[in-house]
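Please consult the structure while reading.

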2 protein chains.
Amino acid sequence: MYDKIITTKLKDNNYKLTEQRAAVLDVMLANQGQHLSAEEVLYLAKKELPNIGIATVYRTLERFAAINILYKTMFAGDKYRYEFCNDRNHQHHHIICLDCGKITEVEDVLLNNLEHYLENQGYQVVDHDLKFYAYCPECKKK
Amino acid sequence: MYDKIITTKLKDNNYKLTEQRAAVLDVMLANQGQHLSAEEVLYLAKKELPNIGIATVYRTLERFAAINILYKTMFAGDKYRYEFCNDRNHQHHHIICLDCGKITEVEDVLLNNLEHYLENQGYQVVDHDLKFYAYCPECKKK
DNA sequence: AAACGCATGATAACGATTATCAAAATCAGA
DNA sequence: TCTGATTTTGATAATCGTTATCATGCGTTT
Ligand SMILES: [Mn+2]
Ligand SMILES: [Mn+2]
Ligand SMILES: [Zn+2]
Ligand SMILES: [Zn+2]
């Protein structure tokens, strides 16, 4: 029922798909493109599984992020947010509007140069995280 | 006694330089290139001013960051770190070694392209924050 | 059935930051 | 210089996201 890539990742990490984990996964799949906090995931998952607890949500999000089913990031130093991560949107970055808080996404293209440079310096780059703080077109007009 | 740029920024924001604030500023000036937590700043500032309190340190760091005397950033989702910010190192980015945790710095050069692109899209980019997670040359050898 | 191991949920603990508030210092005007 | 207003400070309480703990449950293997 789930995408083959997902079930493969789960199996490769011999990772049991309990009903709690399925509920979390369903929430994340149903909200692609959104950046949900653990509390928001709990709220949504309770609709499918009313007795699920916050600890399980945290544990599940953490593990899904570890096997790259989810992308975990923090935008404003307050709390982590999670989004479903397929191979299309894997490396993308965020523009956070300083006025309305809206988050939009940027493709990862021009960073490859910089990474290659660092690898020539002897680094082995595993990941990067780029955020732009800006006024979005709507807010800029005001 | 302080750089003219600093005193100007303080005056422009009619910002009184109390002995507590001077102690914090001294700590940051004496530790350029380091990324200090509030707790570490407190520890160091107490050597100059033993009665300074943690609340004042937080308040002072916050305000110095607001007028761009300090650069405030968070590396691993745990706590904020601060570093002195002059006009030379203003826009730079960090490589965090996933093994030893060492932080090194990257000049900000290749991001201008991306920013220009976003500005053409109607954004007004104010700041950006880029972190690389990598193995540093020493740790890569192991 | 018994023993094992992993998963769960309730809740306590943690830790960084912020809020509160009374006291102290500083400032502005008479 | 007195005086009242304003700002700053330090102790400490409160907040809040996250992690740790632990007893319970449940599926699997002997
Ligand atoms: Mn995103
Ligand atoms: Mn730095
Ligand atoms: Zn906006
Ligand atoms: Zn290293």
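Across the interface of chain B and chain A, zero salt bridges are found, a salt bridge being a side-chain nitrogen of Lys or Arg within 4 Å of a carboxyl oxygen of Asp or Glu. This is a predicted model, in which local features need pLDDT of at least 70 and side-chain atom pairs count only at pLDDT 80 or more, whereas totals for chains, interfaces and linings use all residues. Residues are numbered from 1 along each chain as its sequence is written, chains are lettered from A and ligands numbered from 1 in the order in which they are written, and side-chain values use heavy atoms, with hydrogens and water left out.

The contact (heavy atoms within 4.5 Å) takes 32 residues from chain B and 32 residues from chain A. Strand 5 (residues 124-135) of chain A runs antiparallel to strand 5 of chain B, and 11 bridges join them; strands are DSSP runs (E, at least two residues) and helices are runs of H or I with at least four, numbered from the N terminus, and two strands pair if DSSP finds at least two bridges between them.

The table lists polar contacts, which are pairs of N or O atoms within 3.5 Å.

| Protein atom | Atom of DNA strand C | Distance |
|---|---|---|
| A:R21, polar side-chain atom | phosphate oxygen | 3.3 Å |
| A:N51, polar backbone atom | phosphate oxygen | 3.2 Å |
| A:R59, polar side-chain atom | base nitrogen | 2.7 Å |

Notes: Polar contact = N/O pair within 3.5 Å; in protein donor to acceptor, adjacent residues only side chain to side chain.
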